[in-house]
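Here are some notes for a colleague who is meeting this structure for the first time. They are arranged as numbered points, to be read alongside the sequence and the model.

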There are 2 protein chains.
Amino acid sequence: MRKFHPLAVEAMRQGKRIYHLNIGQPDISTPQAFFDAIRESQPRVLEYAASAGVPELLAAVQGYYGRLGVSLQEQDILITNGGSEALMMLMLSILDEGDEIIVPEPFYPNYTTFIHAAGGVACPVPTTPEEGYRYADREKFESRINERTRAILLTTPGNPTGVALTREEMAMFKDLAKEHNLYLICDEVYREFAYETDELLTMLSFEDAADHVVIVDSVSKRFSACGARVGALVSRNRTLMDECMKFCQGRLSVATLDQIGAAALYSVDPGYFAATKAEYKRRRDTVVRKLREIPGVICEEPKGAFYLMAALPVDDADKFQTFLLEEFADNQETVMFAPGESFYATPGKGKNEIRIAYILKQEDLERAMDLLALGIEAYNKR
Amino acid sequence: MRKFHPLAVEAMRQGKRIYHLNIGQPDISTPQAFFDAIRESQPRVLEYAASAGVPELLAAVQGYYGRLGVSLQEQDILITNGGSEALMMLMLSILDEGDEIIVPEPFYPNYTTFIHAAGGVACPVPTTPEEGYRYADREKFESRINERTRAILLTTPGNPTGVALTREEMAMFKDLAKEHNLYLICDEVYREFAYETDELLTMLSFEDAADHVVIVDSVSKRFSACGARVGALVSRNRTLMDECMKFCQGRLSVATLDQIGAAALYSVDPGYFAATKAEYKRRRDTVVRKLREIPGVICEEPKGAFYLMAALPVDDADKFQTFLLEEFADNQETVMFAPGESFYATPGKGKNEIRIAYILKQEDLERAMDLLALGIEAYNKR
């Protein structure tokens, strides 16, 4: 995705306005509680925090899961540098050279970075735009399990597709992981943004799979606090947690003040989530409605997170993005998205697909989608 | 070291006061500039920072090295989650399964965590308490170089020994790394705490070894800001930096507010360093003087950082520490240090050695050393 940055800089230099649908940085305000807690805590010496996390944040995460009906011990939680570090530690803990992880495709590209760093291999389960990228198909996953398979890695609600598993689908994956004695790594950082249910779902609710389920969590999207870099690894598998704790001790601790701020976030009014979710849902509806008005676009309604993927009537989304930045403009405006290929491990897949992050306000989204429609028309007329 | 924690908790429960010489957490105040900058920056949305670091911090680090006579480009610097993450990224970037890193022993135990995570092997160059743990011996290092050797890893001024290389010794290692085409990784996080010189030394000053030298840096000790978790990886080797940048992108960014605070730290008055260094030097002198009054202790004067290692007239420092916590007390007080074995890769070495962190104020240090002397006497009389 980064290869378009210089083109975007040049386009802006020429006076073009760019609507950014290419990044997952929410525009929702970070709750004031975060900043207040940091201001109030000002210590004389900014000391290392405990490697597993500061007590008030561990308690806050424990309390949050308690409200979801999931009873955790403090030792089931490790605070990490965002969900990213939780994933990195996990991969380094569970993978030996050549070990495999099954992951539905398209998926978050940084998973590959972490899996490769640990010497592992991502084994993708393909999906299609026509089927709305839904992947909850037991046979497809089962057919990929072999003696090198260590884990199934899911993101629900999902980045980049917005696919959200139902409770029944989650139970199916839980059973599969148990039967084949695999880790079930579930990246649930978008938990609050599921539009078909008011229930907050988590794999942790299946207590019969306690040794298999590992949750990657974060305050980044939940509280629009990406820059805090505060995440968590949650699992009841003691052996795994002890292994991950060694990495926590190796890097000493997570930023002390950000943890104190993050702890305060967990006490924000539930109204915050309701408002944020309603806002994202409105935007999703807008984007889907506008996309479907464009001839030749394939787009199923995503059920969660703040992303969707769509297939466009263009030969190559990379070339199309270059065209939008270098040649196209409508009233001095253009649009950016994330071309689809980088979300696929299978070479050649996703070539005419794009990921859209609906993180702009309503009227900007409408205009961005109009620019996309005009751009497609212009691109195919060249 | 952590195994003594439960014993310490129990000792405190029984009303004992413990003098902690076992941890590297400075007691010097963090400059107010850090907290002020964070308070002033309060953004509406706490966004991800750029993966390489926020511009103001990159500029601050660049300016700091400029004042040391080292001219860097912005792309020679990557901001990391403390020096720890810089080390982790480095190991993952330069080591394949079975590759070796030569490191003088005793060394910082977490190096092993990072080297092992990358599948590498630490190849120790042994030193002794009698020679003050000095390791700048070309032949000893050269004899350990083989076709699997990728790097030499040095800490100067050093944790745990306080050994600080002279400019001439640094030049020797630089030549060695060049001749054998190795990375020369230099952990210089204690740079400001060298007691034999007022010059701030860095391997980066050898421009003829630009492709070999890699610096691990941090604000943790320099500004007594361990809990900020802000470090840096600095190198002019473009290929290596590109590789490390991939890991930076994978974990997205370092905490935004801490970076803003850290940038402000770089503008503190130079008087801050002079006062801090003078304070640590006084403490070092106290600890060395008191240690040398204890019969049978072997302790050369350390030249930097805020640690020293010493050999004690006891059979086993682990057992001695247990004794100090469980059985010993003088006027309801006792003392903790870090037993030496964990700083050695060679099995059985360091058994009667300890590391002392002189991070307590003068009178507490005096008392702590008296407790150590009394403890040794009592332990050997059992």
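1. How many salt bridges are there between chain A and chain B? The count is zero, although in this predicted model there are 28 residue pairs in polar contact between chain A and chain B, with both residues at pLDDT 80 or more.

2. As to the extent of the interface, chain A brings 51 residues to the contact and chain B brings 51 residues. The area buried between the two chains is about 3900 Å², and carbon and sulfur atoms account for 54% of that area. On the side of chain A, Leu46(A), Tyr48(A) and Arg229(A) supply 16% of the area that chain A buries against chain B, which is more than any other three residues supply.

3. Several helices of chain A take part, for helix 2 (32–41), helix 4 (82–94), helix 5 (110–117), helix 8 (238–250) and helix 9 (256–265) each give at least two residues to the side that touches chain B. Helix 2 of chain A gives the largest share of that side, namely five residues. By residue class, the side of chain A that touches chain B consists of 22 nonpolar, 18 polar and eleven charged residues.

4. On symmetry, chain A is superposed on chain B by a rotation of 180 degrees with 0.0 Å of shift along the axis, at an RMSD of 0.0 Å. The two copies are therefore related as by a two-fold rotation axis. Within chain A, the C-alpha of Arg39(A) is the one nearest the axis, at 3.3 Å from it. Both copies use the same surface, since 100% of the contact residues of chain A recur in chain B.

Technical notes: Residues are numbered from 1 along each chain as its sequence is written. Chains are lettered from A and ligands numbered from 1 in the order in which they are written. This is a predicted model: local features need pLDDT of at least 70, side-chain atom pairs count only at pLDDT 80 or more; totals for chains, interfaces and linings use all residues. Side-chain values use heavy atoms; hydrogens and water are left out. Contact means heavy atoms within 4.5 Å. Buried area is the accessible area (1.4 Å probe) that two parts lose on being put together, summed over both. A salt bridge is a side-chain nitrogen of Lys or Arg within 4 Å of a carboxyl oxygen of Asp or Glu. A polar contact is a pair of N or O atoms within 3.5 Å; within protein, one must be able to donate a hydrogen and the other to accept it, and residues adjacent in sequence count only if both atoms are side-chain atoms. Helices (H or I, at least four residues) and strands (E, at least two) are DSSP runs, numbered from the N terminus. Ala, Val, Leu, Ile, Met, Phe, Trp, Tyr, Cys and Pro count as nonpolar, Asp, Glu, Lys and Arg as charged, and the others, Gly among them, as polar. Copies are superposed by least squares on the C-alpha atoms of residues with pLDDT of at least 70 in both.
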